[in-house]
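Please read the following briefing alongside the sequence and the model. The points are grouped by topic.

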Amino acid sequence: MANIVVRKSGPLKGKVKINGAKNAVLPIIAATLLGKGTSVIKEVPNLRDVHVISDLLRYLGAKVEYKDNTLTVDASEIRTCEAPYELVRKMRASFLVMGPLLARFNVSKISMPGGCAIGTRPIDLHLKGFKALGCSVEMDHGFVEARCEKLQGTKIYLDFPSVGATENIMMAAVLAEGTTILENAAEEPEIVDLANFLNKMGANVKGAGTNTIKIKGVSELKGAEHTVIPDRIEAGTYMVAAAITKGDILVENVLLDHLKPVIAKLREVGCEIHEMENAVRVIGPKEIKSVDIKTLPHPGFPTDMQAQFMALLSVANDTSVVIETVFENRFMHVQELNRMGASIKIEGRSAVIQGTPTLQGTSVNATDLRAGAALILAGLVSEGETIIGETYHIDRGYVNIEGNLRALGANIERVKE
Ligand SMILES: CC(=O)N[C@H]1[C@@H](OP(=O)(O)OP(=O)(O)OC[C@H]2O[C@@H](n3ccc(=O)[nH]c3=O)[C@H](O)[C@@H]2O)O[C@H](CO)[C@@H](O)[C@@H]1O
Ligand SMILES: C=C(OP(=O)(O)O)C(=O)O
């Protein structure tokens with residue numbers, strides 16, 4: 001196991017190119033199960049999660065190859081519709097194979113994904129959708145088993161615009177008989193990317209990106225070619241790196257529309273931001289101003305950027321309040337930031353952050369992916385050395401983060417324990 005060691009670094013300067021989005025590619029890889037024939041997915045980031053879902057597809061019987069950021073999946077022959085715990089426990093997004101398997105084979109048995117450091121993360125909304133589409137759903141010995149004669153299109157209202165439930169239900173409904181209308185659906189850009197891929201496979205999905213998605217079932221789907229959208233959270237993380245180090249970073253390969261809440265908050269913090277075609281330049285402020293943030297489903301401020309902003313606000317000029325409304329327990333990074341000298345108090349779903357001029361490096365743990373990113377960011381402006389453990393969480397979602405930051409001038413390395 002390796003640690004990431006970060007030392008206080010000057011203003012980061014230069015360019016960084018953003019990879020394809022983890023949260024877009026995972027459901028798209030699951031969706032390849034819907035079609036006979038070969039799908040070719042481009043701009044696939046070389047991430048641990050991508051390899052985990054690829055292994056799951058291989059286990060199910062698909063042929064999967066990954067080379068030069070292109071993933072080729074031939075899902076013509078599927079040998080089982082059952083996904084074991086060993087493969088699902090490594091990554092919750094594995095549960096996204098349930099919708100496609102149900103749609104194509106009318107049966108699926110998947111180990112229940114556990115909670116994780118950010119919350120209990122139930123799957124009730126996914127199951128509510130499958131039931132509404134005509135499935136019987138049973139839980140037994142830690143597995144969810146769903147079956148149907150043939151899925152039937154219907155109207156489904158989601159109690160909360162869950163990203164995963166929207167994706168899973170969309171993927172189930174594309175091969176259902178009749179039309180499904182999904183209301184209070186998630187509107188994240190990754191939902192739109194999935195819908196675009198499904199439509200290339202031959203599906204009829206309209207309205208993705210709004211809160212009402214209409215899916216007309218079709219009789220079969222084929223493999224398709226698709227290029228994944230850039231990762232707005234990876235981009236946001238490097239933008240915060242510019243802000244916290246008072247640097248000047250050109251973040252390339254971004255879709256500005258997806259970055260609106262992050263850009264708005266960075267401007268409030270005092271950053272100078274230049275929006276260009278497919279790129280954004282962030283010039284950090286002389287003094288980081290405190291701001292209040294409330295995480296919300298898209299187009300609100302993304303919960304996946306909350307921890308990184310918390311690191312930034314730890315060194316702001318005054319008091320900030322961050323309210324986390326999406327996950328009930330996404331403050332695990334707070335105790336680690338406090339160990340580095342931050343002054344953050346949690347009250348229910350709110351964190352009150354009293355900015356301090358400096359932080360101090362120490363040994364800390366990446367409790368989850370974005371917590372890990374936040375600790376790296378904090379380490380860049382901390383006195384001495386910050387040693388971050390449990391770095392496998394960071395590798396779930398960032399390609400070569402230490403190499404990219406080093407190229408921008410950061411003092412960071414990965415060291416074997
Ligand atoms: C692989 C992927 O794309 N992950 C993203 C996805 O996760 P994920 O799809 O798991 O997130 P959801 O939008 O489903 O979860 C949001 C909230 O809804 C709750 N919920 C969800 C489903 C359900 O059946 N019942 C229920 O109560 C969750 O516990 C959570 O509190 O969206 C999150 C919210 O933007 C992001 O933080 C994750 O990075
Ligand atoms: C929470 C995240 O991912 P996941 O849903 O895969 O745990 C994330 O990307 O920040």
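The axes of α1 (22–31) and helix α2 (residues 48–60) come within 10 Å and cross at roughly 5°, where axes are lines fitted to C-alpha atoms, for helices over the stretch in contact, and angles run from 0 to 180 degrees between N-to-C directions. That crossing makes α1 roughly parallel to α2, because angles under 35 degrees count as roughly parallel, over 145 as roughly antiparallel, 65 to 115 as roughly perpendicular and the rest as oblique. This is a predicted model, in which local features need pLDDT of at least 70, side-chain atom pairs count only at pLDDT 80 or more, and totals for chains, interfaces and linings use all residues. Residues are numbered from 1 along each chain as its sequence is written, while chains are lettered from A and ligands numbered from 1 in the order in which they are written.

- Lys22, Val25, Leu26, Ile29 and Ala30 of α1 meet Asp49, Val50, Ile53, Ser54 and Leu57 of α2; two residues are in contact if their C-beta atoms, placed from the backbone, lie within 7 Å.
- The α1 and α2 contact has seven nonpolar, one polar and two charged residues (Ala, Val, Leu, Ile, Met, Phe, Trp, Tyr, Cys and Pro count as nonpolar, Asp, Glu, Lys and Arg as charged, and the others, Gly among them, as polar).
- Helices (H or I, at least four residues) and strands (E, at least two) are DSSP runs, numbered from the N terminus.
- For α6 and helix α7 (residues 189–200), the axes come within 10 Å and cross at roughly 10°, which makes α6 roughly parallel to α7.
- On the α6 side the contact is made by Val163, Thr166, Glu167 and Met170, and on the α7 side by Glu190, Ile191, Leu194 and Ala195.
- Five nonpolar, one polar and two charged residues make up the contact of α6 with α7.

**Domains**

- The chain is divided into domain 1 (2–19 + 234–416) and domain 2 (22–227), with bounds that come from an automatic or database domain assignment.
- The centres of domain 1 and domain 2, taken over C-alpha atoms, are separated by 31 Å.
- Domain 1 gives 17 residues to the contact and domain 2 gives 15 residues.
- On the side of domain 1 that touches domain 2 there are six nonpolar, six polar and five charged residues.

**Ligands**

- Ligand 1 is surrounded by 22 residues, and the closest are Asn23, Leu125, Ser162, Val163 and Gly164; a residue is near a molecule or strand if its C-beta atom, placed from the backbone, lies within 6 Å of it.
- Two or more residues of the shell around ligand 1 come from each of α1, α5 (124–132) and α6 (163–173).
- The shell around ligand 1 holds eleven nonpolar, six polar and five charged residues, with at least three residues from each of domain 1 and domain 2.
- Around ligand 2 are Asn23, Arg92, Ala93, Ile118, Asp304, Leu369, Arg370 and Gly397, of which three are nonpolar, two polar and three charged.
- Ligand 2 lies between domain 1 and domain 2, because both give residues to its shell.

**Backbone and confidence**

- Most residues other than glycine have a negative phi, and most peptide bonds are trans.
- Asn184 has a positive phi, near 55°, and is found in the loop between β11 (179–183) and α7.
- The peptide bond from His298 to Pro299 is cis, with omega near 10°, and Pro299 is found in the loop between β18 (293–294) and α10 (306–313).
- The chain has a mean pLDDT of 97, and 100% of its residues reach 70 or more; pLDDT is the predictor's confidence in each residue, from 0 to 100.
- The predictor gives the complex an ipTM of 0.99 and a pTM of 0.98.
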